[in-house]
Amino acid sequence: MDRQDRIKRLLNYKNLLYQLQNLGFVKVFSDNIADALGVSSSLVRKDFAIFGIAGSQKGGYEIASILAKINNILGKNQVQKVILIGVGRLGTAFLQYGKGFTDEGIKIVAGFDIDPGKIDEKAAVPIYPMSNLADFIRDNDIKFAIVTVPESASRQVIDILKAEKIQGILNFTSLKIKSTDETIINNVNIEHELARLIYNVNQKNKEPHD
Ligand code: ATP
């Protein structure tokens with residue numbers, strides 16, 4: 001969890017540093033980053049130290065070199081190949097969102113589906129039958145998968161992905177599946193997120209106003 005939080009902060013640092021760079025800044029102090037992001041400057045320094053980002057007390061940090069380091073850590077300099085299982089409406093939306101992901105160094109290289117009617121090996125992002133999955137993962141050294149099958153199929157599909165040594169899964173089904181030592185599973189339940197958001201907004205509206 002701690003590492004996950006740190007990675008989230010790295011993404012925030014990255015966005016802020018790009019903004020500062022666009023404004024013409026070359027150097028930045030941990031205090032500036034801390035103030036802008038609402039965290040303590042000691043936390044910023046600790047994060048940077050953990051990731052081997054060096055700065056000097058007097059001169060602060062060089063923005064370009066922190067960005068290079070962060071992009072390296074986030075694996076942005078190498079394209080991360082991702083496959084998608086379940087080419088329904090949500091899955092199709094992801095496949096068509098190619099450009100947005102490419103900017104982040106992520107490429108969905110193939111979709112897989114159990115329905116023969118969905119197979120399209122000549123599409124911009126080819127869609128293959130499930131029988132091709134194991135070979136594709138091995139031949140292309142795939143480590144990441146997005147799962148957009150219906151809930152009823154999610155456990156079975158995730159078991160197949162685990163057996164094929166997929167290391168990271170983004171699970172969009174409503175079934176919450178636990179990570180294991182070998183496979184990190186991030187569960188994204190859009191319905192729950194919306195319900196939580198609505199609850200929070202309603203709670204806020206109930207608070208007495210000044
Ligand atoms: P649509 O009905 O248009 O396909 P949808 O998103 O509502 O869209 P879902 O029932 O959620 O459809 O299924 C999503 C996709 O997952 C479908 O294309 C379906 O064929 C596929 N799918 C279902 N079970 C499996 C499975 N076991 N392995 C791989 N793909 C599957």
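This is a predicted model: local features need pLDDT of at least 70, side-chain atom pairs count only at pLDDT 80 or more; totals for chains, interfaces and linings use all residues.

Biologist: Which residue has a side-chain N or O atom 2.6 Å from an oxygen atom of the ligand?

Modeller: That residue is K118. The protein buries 70% of the 610 Å² that the ligand exposes when taken alone.

Biologist: Which residues come nearest to the ligand?

Modeller: Of the 16 residues around the ligand, the nearest are R89, D113, I114, K118 and P150. This shell divides into eight nonpolar, four polar and four charged residues. Helix 8 gives the most to the shell, with three residues.

Biologist: How does one find the empty space in a protein?

Modeller: Rolling a probe the size of a water molecule over the atoms shows where empty space is left. In this structure, the ligand takes up the space of the second largest pocket, whose volume is about 190 Å³. Its lining has 16 residues, of which D113, I114, V149, P150 and A153 are the closest to the pocket centre.

Biologist: Which element supplies the largest share of the pocket lining?

Modeller: Helix 8 does, with four residues. Strand 4 (106-113) and helix 8 (151-163) each supply at least two residues of this lining. By type, the lining of the second largest pocket comprises 10 nonpolar, four polar and two charged residues.

Definitions and conventions. Residues are numbered from 1 along each chain as its sequence is written. Side-chain values use heavy atoms; hydrogens and water are left out. On a 1 Å grid over the protein atoms alone, a cavity is a set of points where a 1.4 Å probe fits but cannot get out, and a pocket is an open set with protein on both sides within 12 Å along at least five of seven lines; lining residues have an atom within 4 Å of a point. Grid points are joined across faces, edges and corners, and a volume is the space filled by probe spheres set on the points. Ala, Val, Leu, Ile, Met, Phe, Trp, Tyr, Cys and Pro count as nonpolar, Asp, Glu, Lys and Arg as charged, and the others, Gly among them, as polar. A residue is near a molecule or strand if one of its heavy atoms lies within 4 Å of it. A polar contact is a pair of N or O atoms within 3.5 Å; within protein, one must be able to donate a hydrogen and the other to accept it, and residues adjacent in sequence count only if both atoms are side-chain atoms. Accessible areas come from the Shrake-Rupley method with a 1.4 Å probe; for residues, only the protein chains shown count as cover. A molecule sits in a cavity or pocket if more than half of its atoms lie within 2 Å of its grid points.
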